Amino acid sequence: MEDPQVAVPPVRHEKPEPVAVAIGIGAWILPGLGHAVLKMWGRAIACFLTVGLLVVIGAGMRGNLFTAEGGDAFAALGYAADLGAGSFYFLARSLEIDGPDVSRADGDYGTRFLAAAGVLNLLAALHAYEAARGRKA
């Protein structure tokens, strides 16, 4: 007869490292994809809608999307943040028909929305990678 006081460790559903890396990259390319592959449906929908909404609002406010041709550290950080949105970065580039307008507060706030979308997606991709490795829930 087993002792009822002995705690059984929880079962961890770990995936091999190459699969976890692929899930992380997929989550970066398409926001929410990594969580969808892991069957975390609520998080997948929340990531997709949140990042998508931030990109559409930021582009609609004519925020500045940084490019790789930036000359200083601020432009490089801005490009990294914007590129963090994955495929939505290219959506925002296509929505930026008239170019950015940061001469007004709307454009300046739009720039922040676009950067926030990228950083949020990078954090979500990191979470999907860690969840695939069995480290987070």
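## Basis of the model

The model is predicted, so local features need pLDDT of at least 70, side-chain atom pairs count only at pLDDT 80 or more, and totals for chains, interfaces and linings use all residues. Residues are numbered from 1 along each chain as its sequence is written, and side-chain values use heavy atoms, with hydrogens and water left out.

## Overall layout

The chain has six helices and zero strands. Read from the N terminus, its elements run α-α-α-α-α-α. Here helices (H or I, at least four residues) and strands (E, at least two) are DSSP runs, numbered from the N terminus.

The chain holds 137 residues, and 37% of them are buried. Buried means under 20% relative accessible area, exposed means over 50%, and partly exposed lies in between (1.4 Å probe, protein chains only). Contact means heavy atoms within 4.5 Å. Take the contacts between residues at least 6 apart in sequence: 75% of these join residues at least 24 apart.

## Helix α1 against helix α6

Helix α1 covers residues 17–29, and helix α6 covers residues 105–132. They pack at an angle of about 160°, and their axes are 8 Å apart. That angle makes α1 roughly antiparallel to α6. Axes are lines fitted to C-alpha atoms, for helices over the stretch in contact, and angles run from 0 to 180 degrees between N-to-C directions. Angles under 35 degrees count as roughly parallel, over 145 as roughly antiparallel, 65 to 115 as roughly perpendicular and the rest as oblique.

The crossing of α1 past α6 is right-handed. A crossing is right-handed if the near helix is turned clockwise from the far one by less than a right angle, and left-handed if anticlockwise. On the α1 side, the contact uses Glu-17, Ala-20, Val-21, Ile-23, Gly-24, Ala-27 and Trp-28. On the α6 side, it uses Asn-121, Leu-122, Ala-125, Ala-128, Tyr-129 and Ala-132. By class, 10 of these residues are nonpolar, two are polar and one is charged. Ala, Val, Leu, Ile, Met, Phe, Trp, Tyr, Cys and Pro count as nonpolar, Asp, Glu, Lys and Arg as charged, and the others, Gly among them, as polar.

## Gly-24 in α1

Gly-24 lies in helix α1. Gly-24 is buried, with a relative accessible area of 12%. Neighbours within four places in sequence aside, Gly-24 is in contact with Ala-125 and Tyr-129. Gly-24 and Leu-122 are 98 residues apart along the chain, yet their C-alpha atoms are separated by 9.2 Å.

## Helix α3 against helix α6

Helix α3 also packs on α6. The axes of these two helices come within 7 Å and cross at roughly 160°. The pair is therefore roughly antiparallel. α3 passes α6 in a left-handed crossing.

From α3, the contact includes Arg-43, Cys-47, Thr-50, Val-51 and Leu-54. From α6, the residues include Gly-110, Phe-113, Leu-114, Asn-121 and His-127. The contact of α3 with α6 has 12 nonpolar, five polar and one charged residues.

## Val-51 in α3

Val-51 lies in helix α3, which spans residues 41–60. Val-51 is buried, at a relative accessible area of 1%. Leaving aside neighbours within four places in sequence, Val-51 is in contact with Pro-31, Ala-85, Phe-88, Ala-117, Leu-120 and Asn-121.

## Salt bridges

A salt bridge is a side-chain nitrogen of Lys or Arg within 4 Å of a carboxyl oxygen of Asp or Glu. By this rule there are four salt bridges. One joins Asp-108 to Arg-112, with the closest N and O atoms 3.1 Å apart. These two residues sit four residues apart in helix α6, so about one helical turn separates them. Asp-108 is partly exposed at 34% relative accessible area. Arg-112 is partly exposed too, at 45%.

Glu-130 pairs with Arg-133, and their closest N and O atoms are 3.8 Å apart. Glu-130 is buried, with a relative accessible area of 15%, whereas Arg-133 is partly exposed at 24%. Arg-135 also forms a salt bridge with Glu-130, at 3.9 Å between the closest N and O atoms. Arg-135 is exposed, at 55% relative accessibility. Through shared partners, salt bridges join Glu-17, Glu-130, Arg-133 and Arg-135 into one network.
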